[in-house]
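Here's a quick tour for someone meeting this structure for the first time. Have a look at the sequence and the model, then read on.

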Amino acid sequence: MTFTAGEATGRKNRASPQSRICNRTCEGMIMPVRPDSDPYYRLRHSAAHVMAQAVLELFPEGKIAIGPPIEDGFYYDFDLPRALTPDDLIEIETRMRRIIAGAHPFVYRVVDPGEARALFRDQPYKLELIDGLARGQDEYGERSEAGTVISTYKHDTFEDLCRGPHLASTDQIPPDGFKLMSVAGAYWRGDSNRPMLQRIYGTAWNSKEELEQYLWRLEEARRRDHRVLGKELDLFSVSEDVGPGLILWHPKGAMIRVIAEDFSRQAHLENGYEWVFSPHIGRAHLWETSGHLHFYKENMYAAMDIEGEEYYAKPMNCPFHIQIYKSHLRSYRDLPKRYAEYGTVYRYERSGVLHGLTRVRGFTQDDAHIFCRADQVEEEISRALDFSLYVLRSFGLSDFTAYLSTRPEKYVGDPADWDMATEALRRAIEAHALPYEVDEGGGAFYGPKIDLKVNDALGREWQLSTIQFDFNLPERFGLEYIAEDSQPRRPYMVHRALLGSMERFFGVLIEHYAGAFPLWLAPVQAVIVPISDEKHGAYAAEVARQLKEAQLRIEVDLSKDRMQAKIRRAQLQKVPYMLIIGDREQAAGAVAVRARSGEDLGAMPLAAFIARARAEIEAKA
RNA sequence: GCCGGUGUAGCUCAGCUGGCAGAGCAACUGUCUUGUAAACAGUAGGUCGUCGGUUCGAAUCCGACCACCGGCUCCA
């Protein structure tokens, strides 16, 4: 029941075995790295040390926390007397270059705990780390395999508690290969009850060229930012008057959604699902029965009073689908039941976490609940996964990783059921030859699950699909079917969402395609460009009529601008085709076709263009 | 929610230490009727996020709030 569909996922927060995930892995700042798996480890770790020295030069009374390498760079956390400014970063960079030029060797030594405490007597965070090390914890306060050797690395005047490894000396850091990127707040040890430190993020590469390439990649990601493209292409907006995290779909964005929903709706019908609808609110009693008012209340909005009765906006759809199941006595012959709905749910998200379309307060899941018998579980899981891959591939997403989450310490249900379900999930993943990771103990208390994440065109990972067992709700709602032996049995229940939420999926699609949607999804498939609005306007209108008749989505640019301006406008709107009409085309009953790629496909009869477009739409290319 | 930053025309952004609010694009009007990514000229457009304060005077300084951006935390 926890479709985290409207939620962000994607980035391992740190080297914890329990992959903690949130969105924007993408920007890639936080992925932890290990010395053995990352060729940049020494460089970035060393850059972090050099930065710490530079910061301490600037703030001799500053306190230092931790400073690991991360994907694409490094950071270091500081406790400083004042907030850092962008100018400070420039100053720190300058000092770093000076330290680098000094060619100071990184010197390793092992110290005993007493020595370490003396060395870092003015550094309370380091003292806490030393205490942790003495108890066999790593720098994040988690259990470590690495024994309790306490060591330091020293270069120039700066000595840091550190297990390394490092470069041989500071001048191995290319002075034009690194850059300090930003300052951000970060809680000491990631604990919101502990002090907020200042974290400086930096990036470091083996050469200026590599750095520039990385910066270009960032620029490219920014260019694809769905929030930017959403505005430029007039796809959606968020209105301050409506409220943050609540999405307004503009006609062009809504067009894409309608196409996606229609496609998916048809596919569901072909795959044995039945469509249902359910309301947006339900009585408090329902949510008490489901347990949401106990375990999910923090994410639910306050109750509304209707004639003295409390109602809640739904954070999930499951209780409603369960009511549909319960509206009849069910026979074993009726199963499986597969109820699907584009269900709009509302979840409270704290203001600081909202992000474009990917983390919102109201969203629509392509939700479904499958009720089945034990002997159907295997088949249903396999079908659900198969279906999910089919749908995602149809949208041009083809690079997947599966995450299997198994039984946590606190759980409900029969361990035998858990084992059976978990194995069914595992077999489904393996049958589809998907790369996968197992998150041992990472399942929800009510059942194991598969999360399917996709890598987009920029290699960024997004969680979309989820397939989850639920051993809790059937129990709470007393779901039954009558088995062959005339006895009531409890059905198995599976939640699943394929695209996740329409909002998030749309955000991912926008970024994946950089706004240049394939023809079948493009809200405007072609713009007709008459060279002269006066001379060719009438023919343009006729062409438009015929294209609309052929079910194509087109616009006519009847502005008084020159053709070049019209083309430019269509290009910027990423319209797949521009159909140029001048004297020659008008005489021949043709259109001159320019593709979004800039390619001039030349003049062709209108019918030829229609045939070409239809084939392309059919292929979802 | 927490730390830091930002908020000026529909969009992108200038506006130095307080002294009559600006540009480009878009829009509108006119001229041009055009051959594959921006014709030319003109017109109009603002409660400078909101509320309060300091000041003779606030876009500018101060405070609170709202929203957004980058992170952190959270996302059973």
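First, a term: two strands pair if DSSP finds at least two bridges between them. Helices (H or I, at least four residues) and strands (E, at least two) are DSSP runs, numbered from the N terminus. This is a predicted model, where local features need pLDDT of at least 70 and side-chain atom pairs count only at pLDDT 80 or more, while totals for chains, interfaces and linings use all residues. Residues are numbered from 1 along each chain as its sequence is written, chains are lettered from A and ligands numbered from 1 in the order in which they are written, and side-chain values use heavy atoms, with hydrogens and water left out.

**Domains**

- Chain A is assigned domain 1 (41–205), domain 2 (229–278 + 314–513) and domain 3 (526–618); these bounds come from an automatic or database domain assignment.
- Taken over C-alpha atoms, the centres of domain 1 and domain 2 are 42 Å apart.

**Strand β15 and its partners**

- Strand β11 (residues 274–275) pairs with β15 in the parallel sense, over two bridges.
- In that pairing, E274 sits opposite Y339 of β15.
- With strand β16 (residues 362–372), β15 pairs in the antiparallel sense over 10 bridges.
- One of the residue pairs here is E341 with its bridge partner D367 in β16.
- How much of β15 is buried? Nine of the 10 residues of this strand (residues 337–346) are, so it is largely enclosed by the rest of the structure. Buried means under 20% relative accessible area, exposed means over 50%, and partly exposed is in between (1.4 Å probe, protein chains only).

**Helices α1 and α2**

- Two packed helices are described by the angle between their axes and the distance between the axes.
- Helix α1 (residues 41–58) and helix α2 (residues 86–101) have axes that come within 8 Å and cross at roughly 115 degrees. Axes are lines fitted to C-alpha atoms, for helices over the stretch in contact, and angles run from 0 to 180 degrees between N-to-C directions.
- On the α1 side, the contact includes A47, V50, M51 and A54, and on the α2 side it includes I92, R95, M96 and I99. Contact means heavy atoms within 4.5 Å.
- By residue kind, this contact of α1 with α2 has 10 nonpolar, one polar and four charged. Ala, Val, Leu, Ile, Met, Phe, Trp, Tyr, Cys and Pro count as nonpolar, Asp, Glu, Lys and Arg as charged, and the others, Gly among them, as polar.

**The five-stranded sheet**

- An open sheet of five strands runs in the order β25-β24-β26-β27-β28, with mixed pairing.
- From one strand to the next, the twist averages 25 degrees.
- Strand β27 (residues 590–595) and β28 run antiparallel and are joined by five bridges, with V591 opposite M604 in β28.
- Helix α15 (residues 533–549) lies across β24 (526–530), β25, β26 (577–581) and β27, and runs at about 160 degrees to β24.
- Helix α16 (residues 563–572) also packs on the sheet, touching β24, β26 and β27, and its direction makes about 165 degrees with that of β26.

**Strands β12, β13 and β14**

- Strand β12 (residues 281–283) is joined to strand β14 (residues 309–313) by three bridges, running antiparallel, and R283 stands opposite Y311.
- Three bridges also join strand β13 (residues 304–306) to β14, again antiparallel, with I306 opposite E309.
- The hairpin of β13 and β14 has two residues between the strands, and E307 there takes a positive phi near 50 degrees.

**Other residues to look up**

- A103, in the loop between α2 and β4 (107–111), has a positive phi near 50 degrees without being a glycine. A103 is partly exposed, with a relative accessible area of 32%.
- R189 is not a glycine either, yet has a positive phi of about 60 degrees; R189 lies in the loop between β7 (178–187) and β8 (196–204).
- S388 belongs to helix α11 (residues 377–394) and is buried, with a relative accessible area of 0%. Leaving aside neighbours within four places in sequence, S388 is in contact with L452, S465 and L498.
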